[in-house]
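Please read them alongside the sequence and the coordinates.

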Amino acid sequence: MTTPVLRVSDLTKDFGGLRAVDSVSFHVNEGEFVGLIGPNGCGKSTTFNCISGMLDSTSGSVEVLGQDATGMRPDQIQKLGLTRTFQHTRLWRDMTVIENLLVPPRRQFSPNLLLSLLRPGSRPAEKQRLEDAYSLLETLEIAHMAHNLASELSGGQSKLVDIGRTLMGDPRVLLLDEPVAGVAGPLAERIFQFLRSLTSERNVGMLVIEHNMDFILRAGVDRIVVVETGRVLMEGTPEEVRQNQDVIEAYLGE
Ligand SMILES: Nc1ncnc2c1ncn2[C@@H]1O[C@H](COP(=O)(O)OP(=O)(O)OP(=O)(O)O)[C@@H](O)[C@H]1O
Ligand SMILES: [Mg+2]
């Protein structure tokens, strides 16, 4: 049986009189690639903020890898294995691209790291880490900027580096807030293919916010959670979403 790595139950968030997230429930399984879609202001980023502990939810609960993460601080939730990106990318602007990738700590001590501690002088873990970082930059088609300052990147390039940096932390649950906003169409598709392969290869559970329905329907996700004004409108496979009458009326026209 597949195990949920993330379970959100009846999550609600009020900002004063505004109910931004209204009793939202969904889950993400191990190795599953799930899209979260909805119009501007429907509560997608707020949902991420509540899951990752950046905001206290008004009610409801969040479980990460079977542990109750409700009310935990962001750093505690990260230690459980959950990492997220922000809609507005926050890179270390005065560091180079490759340095940005090398900052996040790995989730666990790897055997390589242990070996390197036992054999001072040779540093296989660091070397491996550097190789991983360059290889991620290659995949994200941004290796030519490795030694540029992050402040020199375009908006789309910053998004790509942010994805790479997040993956260097080796998360079990990954939340990406509009990871390809501002990234040109063909590259955005290739990045989704890469994220798709990552979920199965590393058994990561991935939840990706996207605002473009056409795109998410073709992006190779396993399931889509459709949100409207803070509530889950429907949830299903891309095929089920494509055929849902509410979705057709709201997004796809005739
Ligand atoms: N910190 C906050 N204080 C008050 N209201 C907020 C706060 N954060 C979000 N909101 C409000 O909550 C609602 C949901 O916002 P949220 O950013 O979650 O939407 P979103 O679905 O991510 O939208 P977008 O697609 O534009 O990114 C909006 O009405 C927004 O104005
Ligand atoms: Mg948002």
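1. A residue is taken as near a molecule or strand if its C-beta atom, placed from the backbone, lies within 6 Å of it. By that criterion 13 residues surround ligand 1, and the closest are F15, A20, K44, S45 and T46. Two or more residues of this shell come from each of β2 (18–29) and α1 (44–51); helices (H or I, at least four residues) and strands (E, at least two) are DSSP runs numbered from the N terminus. The largest share, 3 residues, comes from α1.

2. The model is predicted: local features need pLDDT of at least 70 and side-chain atom pairs count only at pLDDT 80 or more, while totals for chains, interfaces and linings use all residues. Residues are numbered from 1 along each chain as its sequence is written, and chains are lettered from A and ligands numbered from 1 in the order in which they are written.

3. By class, the shell around ligand 1 holds 4 nonpolar, 8 polar and 1 charged residues. Here Ala, Val, Leu, Ile, Met, Phe, Trp, Tyr, Cys and Pro count as nonpolar, Asp, Glu, Lys and Arg as charged, and the others, Gly among them, as polar.

4. T46 lies in helix α1. T46 counts as buried because it has 21 C-beta neighbours inside 10 Å; the cut-offs are 20 or more other C-beta atoms within 10 Å for buried, 12 or fewer for exposed, and partly exposed in between, with C-beta atoms placed from the backbone. Neighbours within four places in sequence aside, T46 is in contact (C-beta atoms, placed from the backbone, within 7 Å) with K13, A20, V21 and L55.

5. An open sheet of 4 strands runs in the order β2-β1-β4-β5 with antiparallel pairing; two strands pair if DSSP finds at least two bridges between them. β2 and β5 (67–68) are at the edges with a single partner strand each, so one side of each has no neighbour in the sheet. Antiparallel β1 and β2 are joined by 8 bridges, and L6 has V28 in β2 as its bridge partner.

6. V8 sits in strand β1 (residues 4–15) and is buried, with 25 other C-beta atoms within 10 Å. Beyond four places in sequence, the contacts of V8 are V24, S25, F26, H27, I51 and V62.

7. The largest nonpolar core has 63 residues, of which V34, L36, M206 and L207 touch the most other members. Such a core is a set of buried Ala, Val, Leu, Ile, Met, Phe, Trp, Tyr and Cys residues joined through C-beta atoms within 7 Å.

How values were computed:
Contact = placed C-beta atoms within 7 Å.
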